[in-house]
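Have a look at it below, and then we'll go through a few spots together.

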Amino acid sequence: MSAAPKAERALWGLLAEFPDADALTHAASRVRDAGYVRWDAYTPFPVHGLDDAMGVRPTRIPWLVFFAGATGCLGGVLMQWWMNAVDYPIIISGKPFFSLPANIPVAFELTILLASLTAFFAMLVFNGLPQLHHPLFRNERFRRTTTDAFFIAIDAKDPRFDVEETDRLLRGAGGTRVEWIEE
Amino acid sequence: MGVAALDPRAGRDNTSQDPTARQPLVLGGLDDAGVTERVCAIVEAPKPPKAWYVAFAIAASFTGILGLVVLYLITTGVGVWGLNKPVSWGFDITNFVFWVGIGHAGTLISAILYLFRQRWRTGINRFAEAMTIFAVICALLFPGIHVGRIWFEYWIAPLPNQMDMWPNFRSPLLWDFFAVGTYFTVSLCFWYMGLIPDLATIRDRAKTKVRQIAYGIAALGWRGSNRHWHRYERSYLLLAGLATPLVLSVHSVVSFDFATSMLPGWHATIFPPYFVAGAIFGGFAMVLLLSVPCRAWFGLKDLITPRHLENMCKILLATGMMVGYAYAIEFFISWYSGNPVEGFVFVNRAFGPYAWAYWTMVMCNVAAPQVFWSRRARSNPWIIFGVAAAVNVGMWFERFVIIVTTLSRDYLPSSWGSYTPTWVEVLTLMGSFGLFFTLFLVFLRFLPMVAMAEVKAVMPRPHREAHR
């Protein structure tokens with residue numbers, strides 16, 4: 001039984017279910033070795049070892065977060081220096097207009113604030129979220145992915161995508177019920 | 001296959017201290033679907049338990065009272081409080097420091113235990129984080145209203161204004177604004193980020209259109225993609241790493257409000273670590289106070305297991321003794337410094353007009369947690385609940401003692417005074433509890449109170465090693 005086109009809509013890709021995280025990891029390394037690039041595994045929780053099996057490269061988010069933190073720290077110090085020592089110097093109990101110790105708490109908090117907001121929003125932006133619709137959401141079975149099901153979906157736009165051959169690969173890798181997903 | 005089938009020890013008790021066997025974190029033989037079912041059932045039930053309605057009615061009425069007394073304060077002026085010279089801080093700052101402290105356990109459980117790979121945190125981190133958010137909301141209320149002229153609040157923000165004036169960054173009160181504001185923002189990001197996969201679970205199980213749309217928007221289109229999980233986990237780790245120094249800094253900065261002053265009893269270098277230990281102590285007490293009834297009412301005893309309670313009791317015991325040590329060292333240093341005024345302040349704390357508050361604090365914070373040396377006490381929910389309640393009372397009195405005894409007795413007897421709260425202050429305190437519990441009860445009803453995706457990630461799996 002091969003996956004069959006059912007409707008007029010264009011094909012988005014193929015979806016295969018796997019019985020557990022281990023089977024999914026094995027299948028992922030098969031798909032990776034076959035040279036596919038536009039595909040993804042779907043799991044209810046992060047599965048360790050799957051990144052290697054899929055060949056996912058480490059994300060650049062840590063670098064962004066580092067630079068955001070450095071910006072927050074430097075910006076915090078500069079802001080306090082400019083506001084309290086240059087633009088509006090005001091004498092408080094004979095203290096110096098600018099001294100690092102008194103300015104550390106605010107600079108520290110701004111470091112953490114900018115770095116944390118960057119970590120959060122970079123995760124969303126790099127992941128393309130929020131994305132309120134996706135062709136996979138139309139599939140009834142796919143909804144169990146956030147409970148206890150494991151899937152691999154291969155995008156039809158992948159240069160290596162071929163309905164027959166991709167279907168065979170997914171089945172051969174242990175995928176059950178390979179389905180057409182419409183655009 | 002469930003855990004029970006794999007592990008014959010997986011019963012209802014996972015408190016064994018046998019070091020050769022790792023105890024299960026989830027009981028009752030629950031599998032992935034079972035965890036989802038158990039947690040989502042609370043949110044999806046057509047009606048919450050009766051106890052929820054009763055608790056909500058009480059909490060919401062107190063929130064209403066809070067609104068009224070705050071309105072009365074703003075329209076009349078801070079004279080409606082019992083504050084005066086020399087005691088110009090009373091219930092307001094006591095409540096602020098108390099609530100910020102309560103907020104600490106959530107981030108501690110989420111961030112520090114995450115970095116330390118303490119997997120048991122997954123059962124309790126979600127509602128501890130929620131508790132943090134709500135406690136910080138309650139805390140932010142007090143510095144907000146205690147200035148009296150709340151419409152000038154924006155002066156503390158570094159905004160260009162019509163007076164061509166900037167805030168004074170050498171003031172610890174301004175550091176507070178940055179510290180607590182950052183803490184709230186980061187905790188909110190951390191909490192929401194953890195919620196995204198679980199909101200997606202509820203969206204995918206939704207039976208009605210309204211739920212599907214509401215949870216669908218909140219879940220931001222999460223679909224469990226591994227490429228997404230990869231960035232998600234890295235960001236989550238970074239947030240945990242950033243929140244860890246943050247949580248330790250927040251109460252340190254709050255303690256600077258006191259420690260940078262010249263008043264005897266406040267001018268102490270032990271304040272930052274002492275305040276942080278006290279905050280963790282009080283925060284864990286609140287987590288226990290909430291988790292004991294919640295796990296019973298909502299049938300979560302398999303996810304928030306006896307071991308979770310036992311671990312938290314041990315933390316309570318440890319931090320309680322740190323706080324006790326701080327009380328003792330304050331006395332020692334005041335004697336050792338040879339400063340007679342400093343020495344007097346501490347003797348006055350224990351034997352002066354506010355001795356009743358001091359000894360309430362000692363009994364609740366130092367004596368009460370000692371019962372947790374006994375394993376039977378650590379496994380009895382009633383005792384745990386009682387001690388947790390006592391610690392919350394004790395931690396509130398700790399802040400009251402620090403603030404009021406010092407302000408009422410400083411260097412010169414001519415500037416001594418006393419302080420009695422008015423009914424407005426008492427109702428504001430009760431109202432802040434109302435606000436906290438109202439928000440918490442709404443959270444319990446509409447959001448998953450256990451981090452399902454995280455619990456699943458730490459559950460034992462069959463044949464994990466066989467396919468290397």
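## A pair of helices in chain A

In chain A, the axes of helix α3 (residues 61-87) and helix α4 (residues 100-126) cross at roughly 150° and come within 7 Å of each other. Helices here are DSSP runs (H or I, at least four residues), numbered from the N terminus, and the axes are lines fitted to C-alpha atoms over the stretch in contact, with angles running from 0 to 180 degrees between N-to-C directions. The angle makes α3(A) roughly antiparallel to α4(A), a label for angles over 145 degrees. Their crossing is right-handed.

Before going on, a word on the ground rules. This is a predicted model, where local features need pLDDT of at least 70 and side-chain atom pairs count only at pLDDT 80 or more, while totals for chains, interfaces and linings use all residues. Residues are numbered from 1 along each chain as its sequence is written, chains are lettered from A in the order in which they are written, and side-chain values use heavy atoms, leaving out hydrogens and water.

Is Ala107(A) buried or exposed? Ala107(A) is buried, at 7% relative accessible area; buried means under 20% and exposed over 50%, using a 1.4 Å probe and protein chains only. Leaving aside neighbours within four places in sequence, Ala107(A) is in contact (heavy atoms within 4.5 Å) with Gly72(A), Cys73(A), Gly76(A), Val77(A) and Gln80(A).

## Two nonpolar cores

A nonpolar core is a set of buried Ala, Val, Leu, Ile, Met, Phe, Trp, Tyr and Cys residues joined through side-chain atoms within 4.5 Å. In the largest core, Trp99(B) and Phe443(B) touch the most other members. Helix α10 (residues 271-297) of chain B gives the most to this core. Another core lies apart from it, with Met54(A), Val56(A), Phe150(A) and Val178(A) among its residues.

| Item | Residues |
|---|---|
| Largest nonpolar core | 158 residues |
| Share from α10 of chain B | 15 residues |
| Another core | 27 residues |

## Helix α8 of chain B

Which residues are buried in helix α8 (residues 209-219) of chain B? They are Tyr215(B), Gly216(B) and Ala219(B). Seen down the axis of α8(B), the buried residues fall within an arc of 110° (taken from the directions from the helix axis to the C-beta atoms), so they line one face of the helix. Lys209(B) and Val210(B), on the other side, are exposed. After α8(B) comes Leu220(B), with a positive phi near 60°.

Terms used:
Helix = DSSP H or I, 4+ residues; strand = E, 2+ residues; numbered from the N terminus. Parallel < 35°, antiparallel > 145°, perpendicular 65-115°, else oblique. Left-handed = near helix turned anticlockwise from the far one by under 90°.
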